[in-house]
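Trainee: I would like a close look at one part of this predicted model, the interface between its two chains. What holds the two sides against each other in terms of contacts, and which parts of the first chain take part?

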Amino acid sequence: MDFDLSREQMDIKKAAREFAEKEFPKIARECEEKEEVPRDLLKKGAELGFVGVFIPEAYGGAGLGFLEHALILEEFWRMDPGLGQQFCSLTFGSEELILFGTEEQKEKYLPRLTSGDALMGFAITEPDAGSDAASASTRAELIGESWVLNGNKVMIGNGSLADFILIFCLTDPDNPAKSHRHSVILVETNTPGYEADKILGKMGIRAADTANIFLSDVKVPKENLIGERGKGFYQLMAFFDRSRAYVSAHGVGLAQGALDLAIKHVKSRVQFGQKLAAFQVTQFKIAEMATKVELARTLTYRVCSMLDRGQVDSKLVAMAKWNAGRTAVEVVDEALQLHGGYGYMNDHDIERFYRAAKVLEIYEGTKEVEKIVIARRILGRF
Amino acid sequence: MDVVVCLRRVPFTQEVDLEIDKGQRQILAENLAFVLNDWDNYALEEAISLKERTKGTVTAITVGTEEDEEVLRRALAMGADTAIRIDSEGLTLDPRNIARLLARVIRGLRFHLILTGAQSDDLNEGCVGAMLAEELGLPHASVVNKIELGEDVLEIKVELEGGIEEISTIKLPCLLTIQTGINEPRYVSVMGIRKAAKKELKVVTIEELSLDKEALVPDVYVERLFYPPETGGAEILEGDPHIVAEKILRILRERGVIS
């Protein structure tokens, strides 16, 4: 069993690290405070090829895999979770197009993402349909040659910035099987009836755009259906099997970043006449944190690598996502603790990392949903 | 213009507590990250930028182990055309021997200009560039911070002590050692890394250069590394910031720093 990254993968990880280390600290705190998305930085990152590396070369991507995508996101999250999240969101949902889109749809939409000329989003969550995605009630009716959409989506990444967005919506409400009632439809956000209201005051990752979306008689061509009508739920699950894998890298990156900050602090801070690092209690904490990060990293790389080899294991992906989120929350908690009172002040970066971590146990499947996925594949359904 | 650029992989030492090994002749490297020497990164950017302006080529060279190929792959990813590693074969090489090895390879290449970093971040000797120029019988200038293209010449700028700037003309072919800040090195792109995989990275052994390993005994070698002895004299000012500020002002006045 080979656990080593290839030279090319190591070079990509290093390149992403260098870009993030030089560019992110200049603006990270300001973007967080002002809740601003740095469009220039996103464009620069896209020009360097850091956006959507898993998109096939034929559609403007690097033709690499989810592992390379995860390596880049890990390094970006290590430097700043908010900017890391915003970079990730640029192609969030493109997997649906790659997996289920028509040739025309891929050619029309994917190249604009990797060039940095367009942003996308994937609108799934609704006021009454969070973990219970199959209860989504945003309606799409086929009238003549067009889909007409009505409904509300909440907490949607890039909702107010996206050029186009995928809407998980109800197309076949009368189908007896709940899992056969939904479809995925692409909406260009300049279509009349599309409105977005940017959410301010998120607990963390404030450099990333999140919005509530209102759809009022939004009319799009029939051809904007992605994949098969009524198969939206299954397509969504296939998407989660991929997105959760690289979202695990968010947790690894955040935890590594928090650990790095903690190490720097304990090696410089003196109390009781010695550096914090000299206390055995500190050494134990650092050892535990580093071990947790390495474990989360190993599982994350494994599931991403498996996806790139065509092996989809929902259980293992859910394990990676749950574990990485938990690791981030636990490691950042200890990292802030080691900072003492300074960690509670927003002129220290650890405070921003701490606020960012919790979302990793909520979005892309709450930790409880991940455990249900895992348990069902072990015990079956009850 | 065909440019040869010499690179070196060095430990990244910023914000790192360096430890000396038991033999007291080297720094413990096991926990250190390695990067392209900062000065060399500027030399590399300058080489690629000159190539782009003149439609020439860039050949990147390093002396080292397989691990050191990382800096060559970086060079190829940034835009160098070919790369050569001279296998150091476990030898400890001083600047003169590095220069001799580089010279052997470079003599067989087509070039108009050789660039090196002004110094390396690990040993800071700043010798290889000048010694390489001497080996090759080329004119050279050190610590260059601007290059303008002329007809068979380059106009170069060097910053001297006291902020004085010196502009010189140097005939091609020549060797320049490059100062940081001469340009803004580009980032490595994913596309560049992918292209680099298809470019040539050649490995040359000492034997292939018709050099005897025994003859590469360093003229200069490290006897002992040690931490400077701790000295007293530091006064730690503590307490209320206003009082501390007043104390600092008083000290500065007493020492004649301010009046």
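Mentor: Eight residue pairs are in polar contact between chain A and chain B, counting pairs with both residues at pLDDT 80 or more. On the side of chain A that touches chain B, the elements giving two or more residues are α1 (7–34), α2 (39–47) and α7 (232–268). Of these, α1(A) provides the largest share, with ten residues. Sorted by class, that side of chain A has twelve charged, nine nonpolar and two polar residues.

Salt bridges between chain A and chain B come to seven. One of them can be given in detail: the side chain of Arg7(A) meets that of Glu69(B), with an N to O distance of 3.8 Å. That pair falls within the 4 Å limit used for a salt bridge.

As for extent, 23 residues of chain A are in contact with 16 residues of chain B. The area buried between the two chains is about 1700 Å², and carbon and sulfur atoms give 48% of that area. Within chain A, the residues that lose the most area to chain B are Arg7(A), Asp11(A) and Leu48(A), which together make up 31% of what that side buries.

Note on methods:
Residues are numbered from 1 along each chain as its sequence is written. Chains are lettered from A and ligands numbered from 1 in the order in which they are written. This is a predicted model: local features need pLDDT of at least 70, side-chain atom pairs count only at pLDDT 80 or more; totals for chains, interfaces and linings use all residues. Side-chain values use heavy atoms; hydrogens and water are left out. Contact means heavy atoms within 4.5 Å. Buried area is the accessible area (1.4 Å probe) that two parts lose on being put together, summed over both. A polar contact is a pair of N or O atoms within 3.5 Å; within protein, one must be able to donate a hydrogen and the other to accept it, and residues adjacent in sequence count only if both atoms are side-chain atoms. Helices (H or I, at least four residues) and strands (E, at least two) are DSSP runs, numbered from the N terminus. Ala, Val, Leu, Ile, Met, Phe, Trp, Tyr, Cys and Pro count as nonpolar, Asp, Glu, Lys and Arg as charged, and the others, Gly among them, as polar.
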